Amino acid sequence: MANTLVQFRTEEISRIKAVSICEKLGIDLPTYLRMCISRLIQENGVPFSMKADDISENRGMKAMKEASRIAARNGISDMTLDEINAEISETRK
């Protein structure tokens, strides 16, 4: 299938803000626009929401933040990798 160039105009500040949001989501603006067109066709409408705010609510990120808080509370947040590995080895004995 042949590719077609699609162009449109927008204000520069809008483009800059859009690029920034896409970068936070780990994609570039052309990828986002291709996603929009693909989903628009699949759903016959605008079916989704992607917000940068949702990224911080990721379960993995929450777990890492909680682990960091626990480490800080227990005074071990500045342990080196060697110290961590030594603790693990000692616990496994």
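Residues are numbered from 1 along each chain as its sequence is written, and side-chain values use heavy atoms, with hydrogens and water left out.

**Confidence**
- The mean pLDDT (the predictor's confidence in each residue, from 0 to 100) is 84 for the protein, and 89% of its residues reach 70 or more.
- Where pLDDT is low, the predicted coordinates should not be read in detail.

**Helix α2**
- Helix α2 (a DSSP run of H or I, at least four residues) covers residues 29-43, and its 15 residues reach 21 Å from first to last C-alpha, close to the 21 Å expected at 1.5 Å a residue, a span taken as 1.5 Å times one less than the number of residues.

**Largest pocket**
- The largest pocket has a volume of about 480 Å³; a pocket is an open set of points on a 1 Å grid over the protein atoms alone, where a 1.4 Å probe fits, with protein on both sides within 12 Å along at least five of seven lines.
- Its 13 lining residues (an atom within 4 Å of a point) include T4, V6, L33, R34 and I37, which lie nearest the centre.

**Cysteines**
- The structure holds zero disulfides (pairs of cysteine sulfur atoms within 2.5 Å), and the sulfur of C22 is too far for a bond because the closest cysteine sulfur, in C36, is 8.3 Å away.

Terms used. This is a predicted model: local features need pLDDT of at least 70, side-chain atom pairs count only at pLDDT 80 or more; totals for chains, interfaces and linings use all residues. Grid points are joined across faces, edges and corners, and a volume is the space filled by probe spheres set on the points. Helices (H or I, at least four residues) and strands (E, at least two) are DSSP runs, numbered from the N terminus.
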